[in-house]
Amino acid sequence: MPLNIVHDSDGFPRVILTEPGGSSAEVLLYGGQVVSWKNERREELLFMSSKAIWKPPKAIRGGIPVCFPQFGNFGALEQHGFARNRLWSLDKCPSPLLPANNQSTVDLILKSTEEDLKTWPRSFELRLRVSIGAGKLTLIPRVRNTDNKAFTFTFALRNYLSVSDVSDVRVEGLETLDYFDNLMQRERFTEQADAITFDGEVDRVYLSTPTKIAIIDHEKKKTLVLRKEGLPDAVVWNPWDKKAKALPDFGDEDYKTMLCVDSAAIENSIILKPLEEWKGRQELSNVSSSYCSGQLDPRKVLHGFN
């Protein structure tokens, strides 16, 4: 089916994905960024900052930015790399993935430009497939080395999730794991709590995480389940009140209704030889209130997509 591409007043061409049950997603060509995901009741599941700057070359605060070839300031490049503020193209030949002959999938591609090669002298192709199904949003990123020498990179899908009140949210599946605390000069700690809850600023990189993490929103009586492959780390971030006020593209009160739980590969950089390809996958699913706290046994979450 032909893709539904619209040009909004903000000047950003976007692809609208829909599925028969009524859920939808919007994907910008700018940044290859998912900026909306609504369930069948038209409720928005992703957070967008009330002060997001919709003007290149700024990155857009919200949705699901693609962090490549660097996450955060874990390297010499600009914060979170440059993929999130480049114009991507529709990928006409997304091999070797199976063709997606339906309206609910879009394939995008970003190739290195002369400008990029000045700051990161490595030739690459970054592909992203975004698919929507009943209650599910799936992203499949792939990086191919088109250079004549090996290169390394870090990567993340930064998931800005919409929550009713972050103080009432629990994240389960990261218990007993080691993490870097970015608020403590990346000192390494071990998670002691039976679930992560929030009463202040959090900025952590959890290491060697399971393939399934649950974000439980008690007030909304819903759980978002994050499943991932090829992305061993998970970042948990909320700026809280002081940092929110200091960020120019973040509303003062926005921190209360958002939480980032990211799929990432940070601790161990991904190494690609010439012509090699790396592939990751993440699936966000919106589960009803019958799926509640305590059902995510950390010993059972290791089975991934099965």
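Contact here means heavy atoms within 4.5 Å. This is a predicted model, where local features need pLDDT of at least 70, side-chain atom pairs count only at pLDDT 80 or more, and totals for chains, interfaces and linings use all residues. Residues are numbered from 1 along each chain as its sequence is written, and side-chain values use heavy atoms, with hydrogens and water left out.

**View 1. The annotated binding site.** An unreviewed UniProt entry puts its "binding site" label on Arg-61, Gln-79 and Arg-84; such annotations may be inferred rather than shown by experiment. The three are spread over 24 residues of sequence but cluster in space, with a largest C-alpha distance of 12.9 Å.

**View 2. Around Arg-61.** Arg-61 sits in the loop between β4 (34-38) and β5 (66-67); strands are DSSP runs of E, at least two residues, numbered from the N terminus. It's buried at 16% relative accessible area (buried means under 20%, with a 1.4 Å probe and protein chains only). Beyond neighbours within four places in sequence, Arg-61 is in contact with residues including Met-48, Trp-237, Asp-249 and Phe-250. Tyr-160 is also among those contacts, and its side chain makes a 3.1 Å polar contact with that of Arg-61 (a pair of N or O atoms within 3.5 Å; within protein, one must be able to donate a hydrogen and the other to accept it, and residues adjacent in sequence count only if both atoms are side-chain atoms).

**View 3. Around Arg-84.** Look for Arg-84 in the loop between β5 and β6 (89-90). Arg-84 is buried too, with a relative accessible area of 18%. The Arg-84 side chain reaches the backbone oxygen of Gln-79 at 3.2 Å.

Terms used:
Helices (H or I, at least four residues) and strands (E, at least two) are DSSP runs, numbered from the N terminus. Buried means under 20% relative accessible area, exposed over 50%, partly exposed in between (1.4 Å probe, protein chains only).
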